[in-house]
2 protein chains.
Amino acid sequence: MPRRTDLSDTYCPVGRSAELLGDRAVLLILRDLFFGRRRFEAIAANTGLGPQLVSARLKLLEKEGVVERHAYQDKPPRREYRLTDKGKDLFGVLYAMRGWAERWAYAEGETGGGPAMRYIHRACGTDVGTATVCPGCGAALGYGDLKGEPSPALKAEQAARSG
Amino acid sequence: MPRRTDLSDTYCPVGRSAELLGDRAVLLILRDLFFGRRRFEAIAANTGLGPQLVSARLKLLEKEGVVERHAYQDKPPRREYRLTDKGKDLFGVLYAMRGWAERWAYAEGETGGGPAMRYIHRACGTDVGTATVCPGCGAALGYGDLKGEPSPALKAEQAARSG
DNA sequence: ACTTGTCACTATGATTATCATAGTTACGAT
DNA sequence: ATCGTAACTATGATAATCATAGTGACAAGT
């Protein structure tokens with residue numbers, strides 16, 4: 001593609017976010033990182049993205065201060081990628097995307113009755129559905145407050161991808 | 001690009017959203033629609049995207065049921081684009097993106113003290129900052145509950161683009 | 001009547017990001 | 001010495017994106 005206009009200096013906050021988040025691969029990698037996948041190969045396998053793309057996007061995310069590369073072993077060099085505070089704060093965006101999809105992106109009965117991904121408020125045990133405020137106790141919900149559980153169908157799909 | 005793997009049939013809700021939202025142009029166009037820009041040329045001018053791209057993405061958004069094309073005049077054919085309910089429900093995603101950017105994407109003092117975009121809770125008049133729950137009255141916040149006001153710098157930038 | 005202007009696009013050609021596949025480096029285990 | 005694994009890099013084909021220009025339909029001004 002030709003050089004697209006850079007949005008990192010616009011005053012519009014959505015424009016600035018879009019510069020990073022308006023990219024399929026970035027979104028998929030972030031999802032996996034929030035899911036607890038930290039290793040290169042695990043991310044590549046689960047997202048279905050090629051290693052070159054994963055490599056390029058992880059470098060970009062590191063440059064943007066959203067992930068940190070951490071060597072957990074040196075003998076054979078092994079790295080893992082972790083979300084920084086700036087990265088963890090993107091949870092709200094991913095959670096909003098998930099909520100929208102649960103409400104609109106599935107055919108009737110496609111998920112087998114419930115959401116594709118359930119979230120439980122750790123503090124009070126309530127299933128929060130797609131809410132941004134816990135329907136049980138009224139608390140605002142952020143990363144760390146919630147425990148995610150994939151539906152059987154989603155779990156099976158992920159298992160198939162990593163095999 | 002070669003044909004990328006289609007994610008519209010994954011069980012992962014973030015994957016399904018990413019298929020639509022993992023695209024810079026889609027995000028920018030949605031932002032403008034939420035901002036009240038309904039006309040083709042206004043969107044093209046403000047986003048800085050070429051007419052071909054705007055045309056292609058509006059067609060996609062219409063196909064996905066996110067926007068509706070509405071003829072408001074026939075003599076010279078004139079159309080406008082409106083968000084459907086499914087589209088309006090994407091407000092949470094854009095609002096989360098805006099919140100993240102306000103917190104992380106600006107240099108110290110770059111916006112002149114306040115956020116680049118202020119949001120006021122219509123019901124109680126409180127400036128909600130980047131919260132998902134009104135700090136004044138505790139209500140959950142959605143599209144329609146908020147009144148957005150761009151900062152002087154952002155307003156000037158938009159005026160320059162449309163001129 | 002003729003030009004100018006606006007809106008909503010479509011057409012063209014150059015550029016470059018993305019994909020699939022294969023290869024590389026470093027090491028540990030058999 | 002070969003096999004396997006993790007984390008990448010290299011290569012070449014494909015196709016999406018951009019800038020620029022052009023089209024069709026009409027309205028208004030001169």
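Colleague: Quick one to start with: in which helix of chain A does Val93(A) lie?

Modeller: Val93(A) lies in helix H6 of chain A, and since this is a predicted model, everything I tell you about that residue is computed from predicted coordinates.

Colleague: Is Val93(A) buried or exposed?

Modeller: Val93(A) is buried, because its relative accessible area is 1% and the cut-off for buried is under 20%.

Colleague: And what does Val93(A) touch, leaving out residues up to four places away in sequence?

Modeller: Val93(A) touches Leu21(A) in its own chain, and across in chain B it touches Val93(B), Ala96(B) and Met97(B). Leu21(A) is 72 residues away along the chain, with 9.4 Å between the two C-alpha atoms.

Colleague: Which residues touch the most other members of the largest nonpolar core?

Modeller: That core has 79 residues, and those touching the most other members are Leu21(A), Leu30(A), Val66(A) and Val93(A) from chain A, with Leu21(B), Val66(B) and Val93(B) from chain B.

Colleague: Pick Val66(B), then: what is in contact with it, not counting residues up to four places away?

Modeller: Val66(B) touches Trp100(A) from the other chain, and in chain B it touches Leu20(B), Leu30(B), Leu61(B), Arg82(B), Leu83(B), Thr84(B), Lys86(B), Gly87(B) and Leu90(B).

Colleague: Stepping back a bit, how many helices and strands does chain A have?

Modeller: Chain A has seven helices and four strands, and along the sequence they follow the pattern α-α-α-α-β-β-α-α-β-β-α. The C-alpha atoms of chain A fill a box of roughly 45 × 45 × 30 Å along the principal axes, and buried residues make up 43% of its 163 residues. Among the contacts in chain A between residues at least 6 apart in sequence, 46% join residues at least 24 apart.

Colleague: Changing topic: how many residues of helix H1 are buried in chain A, and how many in chain B?

Modeller: In chain A, nine of the nine residues of helix H1 (residues 13–21) are buried, so that helix is largely enclosed by the rest of the structure. In chain B, eight of the nine residues of helix H1 are buried, so it too is largely enclosed by the rest of the structure. The buried set in H1(A) includes Glu19(A), while the buried residues of H1(B) are Pro13(B), Val14(B), Gly15(B), Arg16(B), Ser17(B), Ala18(B), Leu20(B) and Leu21(B).

Colleague: What about Glu102(B), where is its place?

Modeller: Glu102(B) is in helix H6 of chain B, and it counts as buried because its relative accessibility is 15%. Leaving out residues up to four places away in sequence, Glu102(B) touches Pro13(A) of the other chain, as well as Pro115(B), Ala116(B), Met117(B) and Thr130(B).

Colleague: And Leu60(A), is that buried or partly exposed?

Modeller: Leu60(A) counts as partly exposed, because its relative accessibility is 28%. Leu60(A) lies in helix H4 (residues 51–63) of chain A, and beyond its neighbours within four places in sequence it is in contact with Leu20(A) and Val26(A).

Colleague: How much space lies in the second largest pocket?

Modeller: About 690 Å³ of space lies in the second largest pocket. It is lined by 34 residues, and the closest to its centre are Gly92(A), Ala96(A), Thr132(A), Gly92(B) and Thr132(B). The elements giving two or more residues to this lining are helix H6 (91–104) of chain A and helix H6 (91–104) of chain B.

Colleague: How does that lining divide into nonpolar, polar and charged?

Modeller: The lining of the second largest pocket divides into 18 nonpolar, 10 polar and six charged residues.

How values were computed: Residues numbered from 1 in each chain as written. Chains lettered and ligands numbered in written order. Predicted model: local features only at pLDDT ≥ 70, side-chain atom pairs only at ≥ 80, totals over all residues. Heavy atoms only, no water. 1 Å grid on protein atoms, 1.4 Å probe; cavity = no way out; pocket = protein on both sides within 12 Å on 5 of 7 lines; lining within 4 Å. Points joined across faces, edges and corners; volume = space filled by probe spheres on them. Nonpolar A, V, L, I, M, F, W, Y, C, P; charged D, E, K, R; others polar. Core = buried A, V, L, I, M, F, W, Y, C linked by side-chain atoms within 4.5 Å. Buried < 20%, exposed > 50% of the residue type's maximum accessible area, 1.4 Å probe, protein only. Contact = heavy atoms within 4.5 Å.
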